[in-house]
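Q: I'm new to this one, so could you take me on a close look at the sheet and the helices around it?

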Amino acid sequence: MSSADLLAAAESLIVSIPDYPEPGIVFRDITPLLADAAGLRTAIDALIAPFAGTFDVVAGVEARGFLLAGAVAIVAGVGLVPVRKAGKLPRPAASVSYALEYSEATIEVHDDIPHDTRVLLVDDVLATGGTLAAAHELFAQLGPTVVGTAVLMEIEGLGGRDLVGDVHSVFRG
């Protein structure tokens, strides 16, 4: 099977759920993709491809970004830095608040990596870009360099790329 066929098969596992968690929002459920070994491996390889060899750690954004970032870290042979929701870390070094499509949130991170560390940010979906822009700001406050941003899916038309900048998205919806 070609890489394009493998990617199409992986993408077909993502389910769109209208009006969740609120009316007007279309939630992209990646759990069927996560449950499929071949689809998950295809997606992880595609997330890493443009950045292979350029990062020292993967920063996964809570919550579904953790799942993808953990797999990326293992495949790439690097460490993992969790970017958590406020109040979930025992010793946050930085925090940033931001707006979501349907609410407001704050994320935090520890200062456990050297300032010269190269970070690949990974999340599941790029929508309005608030979460990933806040994650970029977190690392800017602490010193490590974000060398790239990778998402499983980009929802076009919501302005996320305008806010975050260059983003590698495996799928677009």
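A: Two strands count as paired if DSSP finds at least two bridges between them. Helices (H or I, at least four residues) and strands (E, at least two) are DSSP runs, numbered from the N terminus. This is a predicted model, where local features need pLDDT of at least 70, side-chain atom pairs count only at pLDDT 80 or more, and totals for chains, interfaces and linings use all residues. Residues are numbered from 1 along each chain as its sequence is written, and side-chain values use heavy atoms, with hydrogens and water left out.

Now the sheet: it's open, with seven strands in the order β5-β6-β4-β3-β7-β8-β9 and mixed pairing. At the edges you'll find β5 (94-99) and β9 (168-172), each with a single partner strand, so one side of each has no neighbour in the sheet. On average, neighbouring strands are turned by 20° against each other, direction ignored. (Axes are lines fitted to C-alpha atoms, for helices over the stretch in contact, and angles run from 0 to 180 degrees between N-to-C directions.)

Within the sheet, β3 (residues 57-61) pairs with β7 (residues 118-126) in the parallel sense over four bridges. V58 sits opposite L120 in β7.

Helix α5 (residues 130-142) lies across β3, β4 (79-85), β5, β6 (104-109), β7 and β8 (145-154), running at about 155° to β5.

Then there's a helix pair: the axes of α3 (residues 37-48) and α4 (residues 64-76) come within 10 Å and cross at roughly 75°. The contact (heavy atoms within 4.5 Å) involves residues including L40 and I44 of α3 and L68 and V72 of α4.
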